[in-house]
Amino acid sequence: MQRTATGPTTTTFSRSNTLSTPQVISSDTSQQNNNVLVRSAIALEYSLLRNIQHCPLGMYVLPSSSNIYVWDVVFFIHQGYYADSVFKFRITFPQNFPESPPVVDFVTEVFHPLVSHTGSFNLGYHYKHWRADEHHVIHVLHWIKSSFKKNTLDRIQESDCYNKEAFRLYRESTSSFANLAAQSAQLSSSDSVLFDTDDGHPKPKLKSRSGTSAGTGASGAGSGIGQMGLTFERLDKEELKEERLKLGLKEWTLGP
């Protein structure tokens, strides 16, 4: 059967030549499409942090300028066992995000039941079954903050811990645990750690739980960063005054 379309030009076509030829999608094209979807999902996660109620107080998040799969976070703690801490950690997104959860690695040494000696943080304790349509990075950040509070530490079970010694001390000798947690806090705000000063020793590359260098990103897409994107710089009094004026902040005054 033939049909004729009329107009400025006349085109005759039959059913046989209207059947489109199946397109063969190469694995490279499929991977590129997947990367676009993952990057879009990660970008959406970051946009959610623009809401002041989403990002936890005391946390500052910055995606890598060279690899969107890598985010750097600075976490200030003001109360509890880890009071006065300035912890740095890194979030690395997998190739199949959001189907799989991100990986969290602490750059700063921290004595905590859920943090291994290499810095890996156990998200699995809280997210035993990650749901892509329900869980977001904002939830991960709030959970990390919560994990440093007493009510969460009280609920942790030994089977969930990456640092069994920290768990044991918390349960059997809280004072000893408190001392080591305070040492972590003190170390995190020391000049060598806070300002990343060169102490004459080479700094090892950050490793994720999978053994992949977080500097290159678990995704393998693009080149990552070897150092934290969020850094601190020491300012003298005049420089500090100038920065405070730019931000519209008043001078500090000592109380009576």
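Biologist: How much of the protein counts as buried?
Modeller: In this predicted model, 37% of the 256 residues count as buried.

Biologist: And how many helices and strands are there?
Modeller: The protein has eight helices and six strands. Starting at the N terminus, the order is β-β-α-α-β-β-β-β-α-α-α-α-α-α.

Biologist: Let's look at strand 5. How many of its residues are buried?
Modeller: Eight of the eight, residues 85-92, so strand 5 is largely enclosed by the rest of the structure.

Biologist: OK, which side chains point which way there?
Modeller: S85, F87, F89 and I91 point one way, while V86, K88, R90 and T92 point the other way. Both sets are buried.
Modeller: In a regular strand, side chains alternate between the two faces of the sheet.

Biologist: Which strand pairs with strand 5 over eight bridges?
Modeller: That's strand 4, residues 70-77, and the pairing is antiparallel. Strand 5 also pairs with strand 6, residues 103-106, in the antiparallel sense over four bridges.

Biologist: Switching topic: where do E233, D236, E238 and E239 gather?
Modeller: On the surface, in a patch of negative charge.

Biologist: Which helix is E239 in?
Modeller: E239 is in helix 8, which covers residues 237-246.

Biologist: And what is the relative accessible area of E239?
Modeller: It's 35%, so E239 counts as partly exposed.

Technical notes. Residues are numbered from 1 along each chain as its sequence is written. This is a predicted model: local features need pLDDT of at least 70, side-chain atom pairs count only at pLDDT 80 or more; totals for chains, interfaces and linings use all residues. Side-chain values use heavy atoms; hydrogens and water are left out. Patches are made of residues with over 30% relative accessible area and no salt bridge: like charges are joined within 9 Å, nonpolar side chains (Val, Leu, Ile, Met, Phe, Trp, Tyr) within 5 Å. Accessible areas come from the Shrake-Rupley method with a 1.4 Å probe; for residues, only the protein chains shown count as cover. A salt bridge is a side-chain nitrogen of Lys or Arg within 4 Å of a carboxyl oxygen of Asp or Glu. Lys and Arg count as positive and Asp and Glu as negative; His and the chain ends are not counted. The place of a charge is taken as NZ of Lys, CZ of Arg, CG of Asp or CD of Glu. Helices (H or I, at least four residues) and strands (E, at least two) are DSSP runs, numbered from the N terminus. Buried means under 20% relative accessible area, exposed over 50%, partly exposed in between (1.4 Å probe, protein chains only). Two strands pair if DSSP finds at least two bridges between them.
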